[in-house]
Amino acid sequence: MSIVTQSKFSQSSSVQINESVPRQRLLCHCLSVSHEEVQQCISDTSAESVHEVMRGCGAGKGCTACHCRIKDLLAGLCDDCGESKRRCLCAVAVG
Ligand code: FES
């Protein structure tokens, strides 16, 4: 068994981070579209599908990995738990 004493990443050159740019939660990494931009697109265009969001703000036009997150935003949030209505189990009947 070997013990790692120095990370290979510590030898890489330093990364410059521009602190003046506010960090946004990216929803679509391929097209660099934030959660807020997608939410605004849904509000502005009354988008009801992933394709309508794609036309509205460009999110989702790459690898498609973000389509599930776009669907979560389209479904809205549960009033009880705050989770996407697609994933919320509050309405599931017990028994
Ligand atoms: S992460 Fe949105 S298309 Fe790839």
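Tutor: Here is a walk around that helix, its partners and the loops beside it.

A bit of housekeeping comes before the details. This is a predicted model, where local features need pLDDT of at least 70 and side-chain atom pairs count only at pLDDT 80 or more, while totals for chains, interfaces and linings use all residues. Numbering starts from 1 along each chain as its sequence is written. Helices (H or I, at least four residues) and strands (E, at least two) are DSSP runs, numbered from the N terminus.

Let's go to H2, residues 50-57. Its buried residues are Val53, Met54 and Cys57, where buried takes 20 or more other C-beta atoms within 10 Å of a residue's own, exposed takes 12 or fewer, and partly exposed lies in between, with C-beta atoms placed from the backbone. These three sit on the same side of H2 because they cover an arc of only 105° around the axis, the arc being that of the directions from the helix axis to the C-beta atoms. An α-helix has 3.6 residues a turn, so residues three or four places apart point the same way. The buried residues of H2 pack against E2, H1 and H3.

Now take the H1 side. H1 and H2 pack with their axes 9 Å apart, at an angle of about 105°; axes are lines fitted to C-alpha atoms, for helices over the stretch in contact, and angles run from 0 to 180 degrees between N-to-C directions. That makes H1 roughly perpendicular to H2 (65 to 115 degrees; under 35 is roughly parallel, over 145 roughly antiparallel, and the rest oblique). From H1, Glu37, Val38, Cys41, Ile42 and Thr45 meet Glu52, Val53, Gly56 and Cys57 of H2, a contact being two C-beta atoms, placed from the backbone, within 7 Å. By class, this contact has 5 nonpolar, 2 polar and 2 charged residues. Here Ala, Val, Leu, Ile, Met, Phe, Trp, Tyr, Cys and Pro count as nonpolar, Asp, Glu, Lys and Arg as charged, and the others, Gly among them, as polar.

Leaving aside neighbours within four places in sequence, threonine 45 is in contact with Glu52 and Gly56. Its C-alpha atom is 7.1 Å from that of glycine 56, 11 residues apart along the chain. In the loop between H1 and H2 you'll find serine 46, whose phi is near 55°, a positive value in a residue other than glycine. Serine 46 is exposed, with 9 other C-beta atoms within 10 Å. Just after H2, glycine 58 also has a positive phi, of about 90°.

Of its 13 residues, Leu27, Val33, Val38, Val53, Cys57, Ala59 and Ile70 touch the most other members. Besides H2, the elements giving two or more residues are E1 (26-28), H1 (35-45) and H3 (67-75).

Definitions and conventions. Core = buried A, V, L, I, M, F, W, Y, C linked by C-beta atoms within 7 Å.
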